[in-house]
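This report describes how helices pack against one another in the structure shown below. Two packed helices are described by the angle between their axes and the distance between the axes.

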Amino acid sequence: MAQERTLPVFQASASAIRQEEGLMLYEDMVLGRFFEDKCAEMYYRGKMFGFVHLYNGQEAVSTGVIKAMRSDDFVCSTYRDHVHALSAGVPAKHVMAELFGKETGCSRGRGGSMHLFSAEHNLLGGFAFIGEGIPVALGAAFQSKYRREAMKDASADQVTACFFGDGTTNNGQFFECLNMAALWNLPILFVVENNKWAIGMAHERATSQPEIYRKASVFGMPGVEVDGMDVMAVRAAAQTAVERARAGEGPTLIECLTYRFRGHSLADPDELRSKDEKEEWLARDPLKRFEAYLLEQNLASEADLKAIRDKIQAEVDESVTFAEQSPEPDAAELYRYIFAED
Amino acid sequence: MAETLLFNALREAIDEEMGRDSTVFVLGEDVGHYGGSYKVTKDLYKKYGDLRVLDTPIAENSFTGMAVGAAMTGLRPIIEGMNMGFLLLAFNQIANNAGMLRYTSGGNYKIPMVIRGPGGVGRQLGAEHSQRLEAYFQAVPGLKIVACSTPYNAKGLLKSAIRDNNPVLFFEHVLLYNLKEDLPDHEYLVPLDKAEVVRRGKDVTILTYSRMRHHVTQAVKGLEKKGLDPEVIDLISLKPLDFETIGASIRKTHRVIVVEECMRTGGIGAEIIASINDRFFDELDAPVLRLSSQDIPTPYNGRLESLTIVQPRQIEEAVEKMVGLKV
């Protein structure tokens, strides 16, 4: 196991949150965790197919960033997109139905796990290939600037959050888009979920500068290193970046140090990551940590938290029932949605 | 009527559409201050500003993806490929995101964008600058592919492409920018999905597009002198193909020759022949013939280059042979 980076320390008490806010964050993280656990169960029961990449362990990033944004802001994800979709407000039943390949899925059963979309929730996708979502996110951010400046629409202050992993930061689209975002001062957050591993490629074996946040500096862009297992730390960094972007002060690169508790996908035997490493990171479970924080700060009682977990478990269970009972896409519509007029 | 060069016809189309719809913008390499490598966007930045005529860094895949994101969120980007060959670097964004995203999103998003620029074999530009990407892109679902060939259709087609709600690959030809034609003073559109019957005839149907239309026209002059009466159809839309116009012609002539500038293997002609066999086999009196570029990287040497693409003389001979004047 390689030398672990020291996680930056964040003093959560310095940015105390209201009870309602804390419970909202907790609920979103629980939803992410329980939904993914249910996906694993359904995959092994043969209810969903293909490549399914679960998000367990990284919940503080999705919740910390997306819940610091407005509902009219844009979110752009990768192949590990279920939880970003949930945080962005796509109902669990529509995500589950998509994974079951049903007509009621958010991509009407045409997309699958790696291609979740919802125009209603400004979810730009689900992009399955490494890096290809970054330019698309850049386009949404450009659009905000264009509407504001070229079309004189003062209300066009939407911000875009673009998520991707450590492996993507060695791809050209990452560098090309950081350059354009800084060059044109676009309202975008580049959120790196550095979970230390691509599939079997350890981050430090793939890059000459493992500290990704430092790569922002050559573009004259702020780069921030955050403990990605601490939702409060992620949220604080995201709030600052969103505020900057909305004020027209440009992009931010946020590197969240995190870890996936499962293999790359459910098809990954996960043989390369050491037991020691996994245990070290499991001990930082963002959900347990935030629970402890909420209890410590008297923002919630055990009973409050249990009530949230029960509510979410019921929601996730219902999403399965909904998905199972939903119809398959109509074979007569095989050719629908190729063109805009379809 | 005003005599207009093809590159200016394209410029007029962009100017008119930008004036009409503030969501329309141009992006690409040197489209702004430089005016475009073939001057199609000359001085438009002075009228519309740097944001609407956006000079991009040399990052084809990323600025193409950026246009996809802008289109998904309500703008109507026009990408200029400085040379269409450069778009090989953007193949992923064009195929996965421009072409397929509407479908994979189950109709969540539409992607109204135009990708336009010069393609084809020029004069000794070398292999990389002499590509015919239409053949590579024709298999991508969700893309419309159009090739213009005259100032009149260039202007009307580009205006239609900009108004279309789908991604349109719009091929110009590097050797046709200085064609001249009197254009109407009033506004007009040319539909994207209609082939153009260039010459009506009864002996044989010649299907062609882009610069090869002009090689065919030259060949027809010789054929007319020999008393032959070919029908010439400019496909205009390479995807989807206009089988209504193609079929009507085949029912009349029962013979087809495809003249194309793309390479033979996996080319536009290959697709046309397969489709004609599917749809109109019983109408044919002879196997469909195709005259294509050679399956080689376009050589630099002028003589070798001219041997690579179809010449008017070969078209004449092929027609004569098909209608039985020569054996």
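H1(B) passes H7(B) in a right-handed crossing, that is, with the near helix turned clockwise from the far one by less than a right angle (left-handed if anticlockwise). The model is predicted, with local features needing pLDDT of at least 70 and side-chain atom pairs pLDDT 80 or more, while totals for chains, interfaces and linings use all residues. Residues are numbered from 1 along each chain as its sequence is written, chains are lettered from A and ligands numbered from 1 in the order in which they are written, and side-chain values use heavy atoms, without hydrogens and water.

Helices (H or I, at least four residues) are DSSP runs numbered from the N terminus. Axes are lines fitted to C-alpha atoms over the stretch in contact, with angles from 0 to 180 degrees between N-to-C directions.

| Helix pair | Axes come within | Crossing angle |
|---|---|---|
| H1 (residues 6-20) of chain B, H7 (residues 151-163) of chain B | 8 Å | roughly 30° |
| H5 (residues 133-149) of chain A, H3 (residues 60-72) of chain B | 6 Å | roughly 55° |

The angle of roughly 30° makes H1(B) roughly parallel to H7(B) (under 35 degrees; over 145 is roughly antiparallel, 65 to 115 roughly perpendicular, the rest oblique). Contact (heavy atoms within 4.5 Å) involves residues including Leu6(B) and Arg20(B) of H1(B) and Pro151(B) and Arg163(B) of H7(B). These contact residues divide into nine nonpolar, no polar and seven charged. Nonpolar covers Ala, Val, Leu, Ile, Met, Phe, Trp, Tyr, Cys and Pro, charged covers Asp, Glu, Lys and Arg, and the others, Gly among them, are polar.

Note on methods:
Helix = DSSP H or I, 4+ residues; strand = E, 2+ residues; numbered from the N terminus.
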